[in-house]
Amino acid sequence: MEYISHAVNWLHACAGLIILGTMSVCLLSGKGGGESTENWRRQCIKAALFLSIILILAGLGLPSLQAAFLEENVNAAFDQKVLEIVLFSTRFGTVWMIQESLAVLIFLTLLLHRPLIQGIGRQRFLILMVSITASMLLTGSFKSHAASLEPMWPGLLGNSLHVIAAGTWLGGLPALFFLLRSSRNQTEQPEAAVIGRTLKRFSIMATIMVGVILLSGIVIGYLQVDRWGELFSTPYGNYLITKIALFLMMLSVAAVIRFRYMPQFGNQASTAINFAISKWVAFETTTGIVLLAVASVLKETTPASHEEVIIWPFATRFSIEATWEESSDIRMQVNIGIALIVAAIALTTFLIRKGGSIKQAIIAGTVLALIGLGVGLPPLGVEAYPDTYKNSTVPYIAVSISNGEDLFRENCIACHGEGGRGDGPLAESLSEPPANLSEPHTALHTVGDMFWWLTHGLGEGKPMPSFAATLDEDELWDLINYLRAFSEGFTGRLLQPHIAPELPFLGAPDFYYSTASKSGNLKDLREKKAVLLSFFSWPEGKARLDALKAEHDKLTGNDAIVMAIAMRGGDEMPEAVIEQYPFLIITEETRPITRTYAQFRRTFKHTGDVDDKDLPMHIGFTVDRFGYLRSRWIPEQQPGIWDDISFLAGQFAALAKEDEILPPPDEHVH
Amino acid sequence: MRHTTNRHLWARLFASLLFLFSSAGVMAHAQYERSDPGRRSIVTRPPEVIKIWFSEQLEPAYSTIVIKDKVGEKVTEEAATVDAEDKKLLLLNLPRLEPGKYTVFYKVLSVDGHVVDSKFKFKVKPAKKTP
């Protein structure tokens with residue numbers, strides 16, 4: 001079924017793109033020409049008519065394949081009820097009906113080409129055909145991933161332009177091939193004029209399409225590409241690399257035609273040159289059709305960013321962010337490498353412009369570029385493991401972090417120490433000192449690296465053992481989430497009672513709460529409200545809660561809300577008292593939340609280490625509407641500051657004025 | 001004339017690479033974002049409705065939630081619905097849940113035609129006894 005699905009999608013894509021390309025090339029060929037070019041034009045329309053039948057037939061198979069895919073059952077492909085749902089209750093169905101109707105319209109227009117050409121003229125007929133086919137292809141974007149992005153239009157526009165650009169270039173190659181082989185007497189006018197004109201115009205159109213592909217590629221890439229490492233570690237990535245190789249092959253062919261044959265074509269048109277070009281065009285077309293087959297498989301393969309089985313095949317990966325800040329030597333070496341590559345481009349360009357041998361220029365440039373890569377790339381190398389790009393299956397949320405802390409206490413402190421500084425009771429007896437886990441979280445290690453170490457140990461001869469037998473996968477991710485929060489807690493020492501304008505640097509872990517009247521997640525407020533998280537002890541915090549109540553309106557005037565979370569004594573707080581406050585007071589199951597946010601209590605003076613681990617009676621945080629912790633107040637250490645509610649309200653007013661930013665990095669931990 | 005052609009070729013090479021790379025994440029899935037009750041949460045007040053937010057808009061016809069109790073019995077036969085205003089939110093009304101552990105199974109289809117299914121657990125604990 002899978003193979004049938006790939007084949008049908010491939011046929012559908014090929015048919016649509018080649019009709020568009022063929023009609024475009026016919027349009028570009030303009031008027032005139034001899035009998036052989038007229039014959040070629042007629043053949044093009046016949047071929048397009050044949051392809052439109054394939055388009056319709058392949059299209060007819062798509063709903064059944066979608067039904068079988070959704071139901072995970074081949075029989076569903078013929079189940080009327082399922083097909084009805086697919087066609088009439090999903091966006092796929094709506095888009096399919098429009099596309100299939102347009103496919104029928106394409107067929108009918110081609111079938112009636114004679115009266116239509118007589119009525120409106122051939123050029124107008126071709127413009128009509130290009131318009132309908134392009135519309136059919138553009139419609140498909142509405143069931144692509146681009147359609148589910150927010151905002152929808154950049155991805156949709158990018159995807160649509162991409163398809164059209166690819167169609168007019170790749171889809172036009174077969175028509176170009178047949179034009180080049182349309183006559184054995186092409187040295188004579190008017191055939192030579194038509195072929196020359198078409199080639200020239202096709203070249204210009206391809207250049208324009210390159211611009212379109214470039215811009216739309218940047219837009220789509222920016223919106224959708226996640227991690228390049230997944231290219232080598234997932235089936236999706238492997239198909240993609242195959243596609244890249246095929247594409248490079250196509251471009252090499254295009255280069256051969258451009259540099260080897262086109263100059264000859266300019267001097268003297270001949271059947272021999274046309275035939276030689278046509279052979280290369282045929283090879284380019286065949287490669288393109290194979291490329292479309294790979295693209296059809298890709299379309300139905302689990303995307304790399306959502307693939308669960310991600311196996312990195314190399315012992316090294318390259319990462320600028322992991323290495324750039326390590327030392328000035330690294331930066332210098334990389335810069336020298338970049339300079340050599342730039343010099344290679346400049347040298348190649350200079351030699352070609354000077355009129356020297358293109359081959360020699362390319363060889364010289366390639367050698368210099370390879371030296372540049374040899375110098376600049378190795379310093380960016382970081383040790384990698386098969387799980388380096390593995391995706392976390394457990395979100396970075398309080399309940400996971402809290403469970404991870406328990407697991408850390410049970411399994412890790414003997415070596416890493418209670419404070420995670422690598423100073424546990426067994427540390428001195430080990431062959432190598434355990435890692436200091438309090439060091440800032442860096443890009444040097446991915447969560448996948450940590451997962452690998454926890455499941456396999458650090459390797460032969462190293463003291464860190466495997467925990468695969470004692471912890472299940474969820475627990476391993478809990479532990480990793482805790483280690484992240486623990487490490488970020490040290491970064492949190494920079495938090496002050498006042499916000500640093502426009503400078504968010506620390507994500508606020510999400511948490512779930514449930515009270516007698518309300519339940520939800522911190523994240524529910526994302527892009528809506530800033531939050532004052534007030535962690536209190538009961539009854540000691542009553543005065544603070546009363547102060548917040550008294551100035552509640554002032555505090556919440558700038559799209560902010562108050563959430564009070566009991567660190568201690570929540571169970572002792574009567575419901576009747578809770579109801580007196582105009583803001584949310586969370587007293588049930590607060591331990592995961594408190595433990596998570598306790599990580600961010602650390603200051604440079606009060607380190608939060610083993611000898612200083614007592615929680616304050618009260619901690620306040622501001623969280624901006626994009627999910628970042630922006631300021632912190634610990635009354636015992638900084639008395640007075642947030643007692644002034646006007647000051648606090650002013651902070652929220654400043655946050656409300658800040659421009660929209662992206663959510664904290666790695667929120668969907670990969 | 002020649003240098004213009006070269007520019008075209010380089011532009012074409014770069015664009016083609018981008019075109020190919022840009023397809024890297026073209027297809028994605030509706031990922032679980034958050035829920036009420038939350039993953040592994042413990043609640044005293046039994047939820048009347050379960051809400052799950054996803055990263056992408058959902059197809060109502062193919063988005064389901066099934067909740068089972070600790071012995072694997074379905075707690076309701078009612079079908080999940082996609083919120084009328086927020087197409088990323090899947091809802092299921094619940095009967096009154098007794099204290100105990102529950103598993104939420106969900107299967108969703110995003111508008112780009114891809115399916116995701118997974119599960120999570122939550123627990124309803126007995127209400128505090130009032131004197």
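In chain B, four strands form an open sheet in the order 2-8-7-4, and their pairing is mixed. Strands here are DSSP runs of E with at least two residues, helices are runs of H or I with at least four residues, and both are numbered from the N terminus. Two strands are taken to pair if DSSP finds at least two bridges between them. The edges of the sheet are strand 2 and strand 4 (64-68) of chain B; each has a single partner strand, so one side of each is left without a neighbour in the sheet. On average, neighbouring strands of this sheet are turned by 25° against each other, direction ignored. For this angle, axes are lines fitted to C-alpha atoms, for helices over the stretch in contact, and angles run from 0 to 180 degrees between N-to-C directions. Strand 2 and strand 8 (residues 115-124) of chain B run parallel and are joined by three bridges. Within strand 8 of chain B, Lys123(B) is the residue opposite Ile42(B). Strands of a sheet pair through backbone hydrogen bonds, either parallel or antiparallel.

The model is predicted: local features need pLDDT of at least 70 and side-chain atom pairs count only at pLDDT 80 or more, whereas totals for chains, interfaces and linings use all residues. Residues are numbered from 1 along each chain as its sequence is written, while chains are lettered from A and ligands numbered from 1 in the order in which they are written.

Chain B contains one helix and eight strands, which follow the order α-β-β-β-β-β-β-β-β from the N terminus on. Of its 131 residues, 39% are buried. A residue is buried if 20 or more other C-beta atoms lie within 10 Å of its own, exposed if 12 or fewer, and partly exposed in between, with C-beta atoms placed from the backbone. Among the contacts in chain B with a separation of 6 or more, 59% are between residues 24 or more positions apart. A contact requires C-beta atoms, placed from the backbone, to lie within 7 Å.

Chain A contains 23 helices and nine strands. Taken along the principal axes, its C-alpha atoms fill a box of roughly 100 × 60 × 50 Å. Buried residues account for 42% of the 670 residues in chain A. For contacts in chain A with a separation of 6 or more, the share from residues 24 or more positions apart is 75%. Helix 2 of chain A (residues 35-71) has 37 residues and reaches 55 Å from its first C-alpha to its last, close to the 54 Å expected at 1.5 Å a residue. The expected span is 1.5 Å times one less than the number of residues. Glu72(A), just after this helix, takes a positive phi of about 55°.

Most residues other than glycine have a negative phi, and most peptide bonds are trans. A cis peptide bond, with omega about 0°, joins Asp36(B) and Pro37(B); Pro37(B) is placed in the loop between strand 1 (32-36) and strand 2 (41-43) of chain B. The loop between strand 1 and strand 2 of chain B also holds Arg40(B), whose phi is positive, near 55°. Arg40(B) is partly exposed, as 19 other C-beta atoms lie within 10 Å.

In chain A, the peptide bond from Trp538(A) to Pro539(A) is cis, with omega near 10°. Pro539(A) belongs to the loop between strand 5 (530-537) and helix 19 (542-550) of chain A. Asp559(A) has a positive phi near 55° and lies in the loop between helix 20 (552-555) and strand 6 (560-568) of chain A. With 14 C-beta neighbours inside 10 Å, Asp559(A) is partly exposed.

How values were computed:
Contact = placed C-beta atoms within 7 Å.
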